[in-house]
Amino acid sequence: MWYNNILDTIGNTPLVKLNKIAKDIPATVLAKIETTNPGNSIKDRMALKMIEDAEKSGKLKPGGTIIEGTSGNTGMGLAIAAVIKGYKCIFTSTDKQSKEKFDALRAFGAEVIVCPTNVEPEDPRSYYSVSSRLEREVPNSWKPNQYDNLSNSQAHYESTGPEIWEQTEGKVTHLIAGVGTGGTISGIARYLKEKNPAIQILGIDTYGSVFKKYKETGVFDKNEIYPYITEGIGEDFLPQNVDFSLIDHFEKVTDKDAALMTREIARKEGIFSGNSTGSAVAGLLQMKDKFKEGDVVVIIFPDHGTRYLGKMYNDDWLRDRGFLKDEKLTARDIISKKDVQEIITIDCEKSVLEAINTIKSLNISQIPVTQKGMVIGKITESDILDSLIENPSIKSQPIMNITTAPFPFVDLNTSIDRISGMINKDNIAVLVEDGNGKIEIITQYDIINAISA
């Protein structure tokens with residue numbers, strides 16, 4: 001058997017039982033592995049459906065350009081279909097998405113425009129607004145608008161929902177899926193509830209998104225909106241594809257829990273999945289009291305782990321956000337082993353001579369320079385020496401004239417390896433803010449002292 005082209009391989013993805021990670025759940029938990037689609041994500045289904053429906057309606061014409069705002073997976077599905085069908089692609093996305101996603105889109109010949117995350121959807125810089133502007137400006141172009149294009153949810157009503165019903169022999173009792181555009185969960189939910197209205201549809205949301213509160217109160221609360229790291233789920237507006245009447249419950253999952261669970265799935269189940277999968281499984285465990293013996297829970301695993309190698313699967317990235325504890329010494333450990341002493345700073349208006357006297361009297365080699373209490377730079381013995389050799393009269397001038405870039409700040413969870421790598425002949429210390437807002441300085445001597453203590 002063969003296929004006419006790669007688009008014919010979309011769908012019919014496997015359902016796989018989760019064992020170790022769901023051992024405390026009394027129900028049978030099954031993962032719908034959407035990474036076997038050609039674009040390695042569930043978005044292939046709706047991308048093809050949107051294109052085919054636009055072709056039928058005449059909105060997408062031969063040789064046209066597809067313009068879409070996408071976090072990467074929808075773009076991949078559209079790009080693959082565009083290659084086969086002869087369209088160009090321009091995608092806008094946000095700067096919080098992983099570089100791997102952009103690289104993958106460009107591999108298929110798509111143009112990718114990266115826009116800022118932390119702006120309102122109506123802001124002309126947002127990836128929504130930029131894609132809409134390009135649709136107006138680029139001749140013979142079409143914007144799928146995956147958020148409000150109901151072909152999105154229809155794709156899952158026609159394919160994903162029936163597959164789940166057939167694969168579970170109609171025994172499915174719960175569906176868990178992340179909610180972003182809403183197409184996946186709403187399309188599957190509509191099909192399953194037509195088959196059995198008792199099936200519970202559980203949506204996964206993230207902190208910083210409006211979905212959960214809107215479902216529970218009917219209020220669109222802008223105070224719920226703030227930046228978050230989790231990719232692929234949550235929104236700061238209400239897409240038309242989110243059918244709240246079909247979703248029985250929303251469960252919020254933190255960025256940290258989602259990121260760490262993403263890694264756990266690979267290590268415990270051997271399934272290399274993406275960030276929204278981590279959210280969904282973390283949500284499953286948070287909701288474990290909802291399930292009983294005999295239940296059959298299906299979780300959508302939307303995309304592949306290769307798109308998150310620089311993020312959720314990168315220890316340094318996790319450490320930088322405080323998501324991963326390092327077994328090695330950290331800045332917190334180094335500070336705890338230091339003798340208690342006030343950090344010495346000097347105001348930028350003080351003279352070079354005053355800086356020299358401070359260094360002499362305290363027998364120190366460097367001083368952070370402040371302006372109105374804020375660290376703005378540093379001054380070291382070598383800075384002073386170089387300046388005096390060049391201009392002896394500089395002693396009477398303010399030290400702001402010879403202040404150099406400040407010591408870099410690190411957080412309390414930064415590992416000793418990273419700190420020691422940051423300290424060199426040009427940068428002889430780092431600064432860290434302790435849990436009480438107090439600034440501490442870490443030098444090579446402090447590192448040596450912490451190791452040998």
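Let me start with Q366, which lies in strand β12. This is a predicted model, so please hear everything I say with that in mind. Q366 counts as buried, because its relative accessibility is 12% and the cut-off for buried is under 20%. Setting aside the neighbours within four places in sequence, Q366 is in contact with I379, T380, F407, I428, I441 and T443.

N363 sits in the loop between α12, residues 352–362, and β12, residues 366–371. N363 is not a glycine, yet its phi is positive, about 55°. Is N363 buried or exposed? N363 is exposed, at 71% relative accessibility.

There is another asparagine with a positive phi. N40 has a phi near 60°, and again this is a residue other than glycine. Where is N40 found? N40 is in the loop between β2, residues 28–33, and α1, residues 43–57. With a relative accessible area of 27%, N40 is partly exposed.

Now the chain as a whole. The chain has 453 residues, and buried residues make up 53% of them. There are 15 helices and 16 strands. Taken along the principal axes, the C-alpha atoms fill a box of roughly 85 × 55 × 50 Å. If you take the contacts between residues at least 6 apart in sequence, 68% of them join residues at least 24 apart.

Next, helix packing. Two packed helices are described by the angle between their axes and the distance between the axes. I have two pairs to show, and α5 takes part in both.

The crossing is right-handed. On the α1 side, the contact is made by R45, M46, K49, M50 and D53. On the α5 side, the residues are S151, N152, Q154, A155, H156, E158, S159, T160 and E163. By class, this contact of α1 with α5 has 3 nonpolar, 6 polar and 5 charged residues.

The second pair is α5, residues 151–167, with α6. Here the axes are 7 Å apart and the helices pack at an angle of about 50°. That makes α5 oblique to α6. The crossing of α5 and α6 is right-handed. From α5, the residues that meet α6 are N152, S153, Q154, H156, Y157, T160, G161, P162, I164 and W165. From α6, they are G183, T184, S186, G187, I188, R190, Y191, L192, E194 and K195. The residues of this contact divide into 7 nonpolar, 10 polar and 3 charged.

Let me take one residue from each side of that second contact.

From α5, take S153. S153 is buried, at 10% relative accessibility. Which residues does S153 contact, leaving aside neighbours within four places in sequence? They are G183, S186, G187 and N241.

From α6, residues 183–195, take I188. I188 is buried, with a relative accessibility of 0%. Away from its neighbours within four places in sequence, I188 is in contact with H156, Y157, T160, G161, I164, L175 and I300. As a point of scale, I188 and V138 are 50 residues apart in sequence, and their C-alpha atoms are 34 Å apart in space.

Last topic, the cysteines. A disulfide is a covalent bond between the sulfur atoms of two cysteines. How many disulfides does the model have? With a cut-off of 2.5 Å between the sulfur atoms, the count comes to 0. C89 is in no disulfide, and the nearest cysteine sulfur, that of C115, is 16 Å away. As for accessibility, C89 is buried, with a relative accessible area of 9%. C348 is buried too, at 1% relative accessibility.

Note on methods:
Residues numbered from 1 in each chain as written. Predicted model: local features only at pLDDT ≥ 70, side-chain atom pairs only at ≥ 80, totals over all residues. Heavy atoms only, no water. Buried < 20%, exposed > 50% of the residue type's maximum accessible area, 1.4 Å probe, protein only. Helix = DSSP H or I, 4+ residues; strand = E, 2+ residues; numbered from the N terminus. Contact = heavy atoms within 4.5 Å. Axes fitted to C-alpha atoms, helices over the stretch in contact; angles between N-to-C directions. Parallel < 35°, antiparallel > 145°, perpendicular 65-115°, else oblique. Left-handed = near helix turned anticlockwise from the far one by under 90°. Nonpolar A, V, L, I, M, F, W, Y, C, P; charged D, E, K, R; others polar.
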